[in-house]
Amino acid sequence: MMIVQDDFSNSASAESEFEEYLDHLADPVAPEIEIDSVPDDLGELYRVWNGSQLLGTFYQNLQGKWVAQPCNRDDRPCCDSPLAAQIIIIAVNGLLVADVA
């Protein structure tokens with residue numbers, strides 16, 4: 001009878017650990033986004049990174065608009081702020097995480 005009890009305890013423990021693992025996978029984790037800049041002929045070119053992966057660049061054009069250039073995309077949306085350009089680049093790359101707290 002002791003063996004049956006041990007098997008049940010091990011099975012319940014494994015199931016509990018598996019449920020914790022699934023809960024961990026379901027939790028959205030915010031990406032570690034970094035912004036840096038490099039000088040360009042017309043001003044600063046800002047780069048948006050997720051770790052070592054370049055997500056895109058953005059810059060301010062001569063009309064004062066901010067132009068977002070996500071990597072591997074042909075579209076170049078114009079924005080009113082640098083934050084909006086960053087959000088577009090992050091969202092296009094599928095990394096936008098909603099704050100549910």
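In what pattern do the helices and strands follow each other when the protein chain is read along the sequence? The answer is α-β-β-β-β-β-α, with two helices and five strands in the protein chain. Helices (H or I, at least four residues) and strands (E, at least two) are DSSP runs, numbered from the N terminus.

Before we go on, a word on the model. It is a predicted one, where local features need pLDDT of at least 70 and side-chain atom pairs count only at pLDDT 80 or more, while totals for chains, interfaces and linings use all residues. Residues are numbered from 1 along each chain as its sequence is written, and side-chain values use heavy atoms, leaving out hydrogens and water.

Let's walk through the middle strands. Strand 2 and strand 3 (residues 53-60) run antiparallel and are joined by five bridges; two strands pair if DSSP finds at least two bridges between them. Here Val-48 stands opposite Gly-56 in strand 3. The hairpin of these two strands has two residues between them, and Gly-51 takes a positive phi near 65° there.

Strand 3 also pairs with strand 4, again in the antiparallel sense, over five bridges. Phe-58 stands opposite Ala-68 in strand 4. This hairpin has five residues between its strands, and Gly-64 in the turn has a positive phi of about 90°.

Now for the aromatic rings. Rings of Phe, Tyr and Trp (its six-membered ring) pair if their centres lie within 6.5 Å; planes under 30 degrees apart are stacked, over 60 edge-to-face, and the rest tilted. How many aromatic pairs does this rule give? The count is three. In one of them, the ring centres of Tyr-46 and Trp-66 are 6.0 Å apart with the planes at 55°, so this pair is tilted. Tyr-46 sits in strand 2 (residues 43-50) and Trp-66 in strand 4 (residues 66-70), so the pair links distant parts of the chain, 20 residues apart. Phe-58 and Trp-66 make a tilted pair too, at 6.0 Å centre to centre and 55° between the planes. Together, Tyr-46, Phe-58 and Trp-66 form one aromatic cluster.

Are these residues buried or partly exposed? Buried means under 20% relative accessible area, exposed over 50%, and partly exposed in between (1.4 Å probe, protein chains only). Tyr-46, at 26%, is partly exposed. Trp-66 is buried at 12%, and Phe-58 is buried as well. Across the 101 residues of the protein chain, 15% are buried.
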